[in-house]
Amino acid sequence: MILSEEIQNFLLDNAVERFLRYVKIWTTSDENTETIPSTQGQIEFGKLLKEELKNLNLENIIQDEFGYIYANLPPSQGFENVKKIGFIAHLDTSPAVSGKDVKPVIQKNYNGTVIKFSQDNDLELNINDSPQLEKYIGLDIITSQGDTLLGADDKAGIAEIMAACAAWDKFPELKHGPIVVCFFPDEELGRGTKKVNIEKIPKICYTLDGSEMGELEIECFDAWKALIKFKGLSVHPGYAKNLMSNAIHIACRFLSEIPESESPEHTEEREGFYHLSNLKGKEEEATATLIIRDFEIKNNKRRMDYITSLKNVYEIRYLGLKIELNYEHQYENMYNYLKKEQKIIDLAEKAMELAGIEVNIHLIRGGTDGSHLSAMGIPTPNIFTGGLLFHSKKEFIPTLALQKAAEVVIHLAELFTKE
Ligand SMILES: [Zn+2]
């Protein structure tokens with residue numbers, strides 16, 4: 001099915017209008033808060049979306065106490081038996097950069113020159129640093145004013161799903177089976193699925209939370225956290241010979257044995273790493289937090305074996321030193337589950353092709369709500385939103401991407417009616 005020009009234009013206008021409104025709502029999540037959602041703004045945003053979903057004739061719309069939104073779109077007539085699918089995006093924006101008072105700016109008909117920001121004279125977006133820009137010459141590009149992130153991660157995802165809902169409402173010729181729209185809180189804190197009501201989620205889902213146009217993500221990191229506690233003994237430094245076990249100094253030596261070549265700044269694509277994210281302490285006690293990432297669990301196991309062997313050596317080397325090690329498995333590579341669900345991946349590829357987009361199967365060097373959902377038995381590939389340079393004041397999105405991602409949602413729903 002080819003979408004008419006009328007529908008394509010409708011999707012562009014609708015998604016852009018929504019996006020420009022949604023980014024102005026302050027929904028930055030807060031890692032220092034234990035509640036879900038971590039911030040009240042996500043509740044306020046959810047309330048607005050609930051109202052808008054109602055106006056688009058979705059049913060059983062719920063905003064629960066944790067801020068999750070679930071809404072059901074009844075199937076087109078005659079398509080009641082089509083498999084139910086879900087489209088998911090997240091309400092929060094990254095706490096890495098302020099998301100308060102975002103003022104989106106449309107750079108009309110981008111001509112390839114340097115983009116300046118009105119609220120930060122030192123900041124600029126240019127093709128040398130961001131070669132992706134070259135692909136968008138001649139298009140309209142949305143940025144922030146340079147004092148905040150833009151919030152395309154993931155308000156673009158929300159705007160695109162909402163625009164698809166608006167098109168289903170307006171153009172009955174767009175056929176679809178039963179659809180569930182879900183918006184999750186606190187994805188940026190890795191808590192997006194913590195309080196999810198699995199009963200309300202279909203058995204097949206797609207997140208709209210990827211980056212560049214055309215990206216389809218079916219693999220993410222296998223992720224571990226290592227908490228290392230060094231317990232030493234403090235003694236007056238003048239009288240410490242053969243007595244003191246200086247925990248913080250030993251911790252520094254220990255951590256320096258981690259291969260530099262396996263760090264985030266020296267790895268890319270399929271390469272994994274160790275990353276020291278925190279170190280604190282004194283003579284008596286020190287703690288270090290490492291995150292360990294790879295696409296292959298066996299490589300992460302090797303890294304953990306190495307740390308464990310260092311612990312053993314250090315406890316022998318330093319009299320009186322005790323090291324406590326704790327490993328936490330944070331999330332799994334979702335490909336472990338998705339590889340058994342090739343059909344779900346194929347349909348997403350097909351939908352992108354129908355929208356006229358070249359598919360780029362891409363690795364997520366991080367996590368996604370889809371990895372938790374896939375592990376819970378709900379295969380959930382991740383589709384692009386079109387936003388680039390996420391979590392940055394230079395974040396931008398071409399308006400065309402907002403339209404194309406909404407088209408992908410529409411095509412995908414239609415493809416399922418033929419399964
Ligand atoms: Zn995101």
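Asparagine 60 has its place in strand S1 (residues 59-63), where strands (E, at least two residues) and helices (H or I, at least four) are DSSP runs numbered from the N terminus. The phi of asparagine 60 is near 45°, a positive value in a residue other than glycine, and its relative accessible area of 58% makes asparagine 60 exposed; buried here means under 20% relative accessible area, exposed over 50%, and partly exposed in between, with a 1.4 Å probe and protein chains only. The structure is a predicted model, in which local features need pLDDT of at least 70 and side-chain atom pairs count only at pLDDT 80 or more, while totals for chains, interfaces and linings use all residues. Residues are numbered from 1 along each chain as its sequence is written, and side-chain values use heavy atoms, with hydrogens and water left out.

**Zinc site**

- The zinc ion takes its protein donors from His90 (NE2), Asp153 (OD), Asp209 (OD) and Asp209 (OD), at 1.9 to 2.7 Å, where donors are N, O and S atoms within 2.8 Å of the metal (3.2 Å for Na, K and Ca), and a site may look incomplete because water is not among the atoms.
- Along the sequence, the donor residues follow the spacing H-x62-D-x55-D.
- Distant parts of the chain are linked by the pair of aspartate 153 in helix H3 (residues 152-170) and aspartate 209 in strand S9 (residues 204-210), which are 56 residues apart.
- Aspartate 153 is buried at a relative accessible area of 6%, and aspartate 209, at 13% relative accessibility, also counts as buried.

**Backbone geometry**

- The peptide bond from aspartate 153 to aspartate 154 is cis, with omega near 15°, and aspartate 154 lies in helix H3.
- A cis peptide bond also runs from isoleucine 36 to proline 37, with omega near 0°, and proline 37 is found in the loop between helix H1 (5-22) and helix H2 (40-55).
- Histidine 391, although not a glycine, has a positive phi of about 60°; this residue lies in the loop between strand S16 (382-384) and strand S17 (396-398) and counts as partly exposed at 32% relative accessibility.

**Helix packing**

- The axes of H1 and H2 come within 12 Å and cross at roughly 155°, axes being lines fitted to C-alpha atoms, for helices over the stretch in contact, with angles from 0 to 180 degrees between N-to-C directions.
- That crossing angle makes H1 roughly antiparallel to H2, since angles over 145 degrees count as roughly antiparallel, under 35 as roughly parallel, 65 to 115 as roughly perpendicular and the rest as oblique.
- In this pair, Arg18, Arg21 and Tyr22 of H1 meet Phe45, Leu48, Leu49 and Glu52 of H2, contact meaning heavy atoms within 4.5 Å.
- For helix H7 (residues 342-354) and helix H9 (residues 399-416), the axes come within 8 Å and cross at roughly 125°, and H7 and H9 are therefore oblique to each other.
- The H7 residues Leu347, Ala348, Lys350, Ala351, Met352 and Leu354 meet Val408, His411, Leu412, Leu415 and Phe416 in H9.
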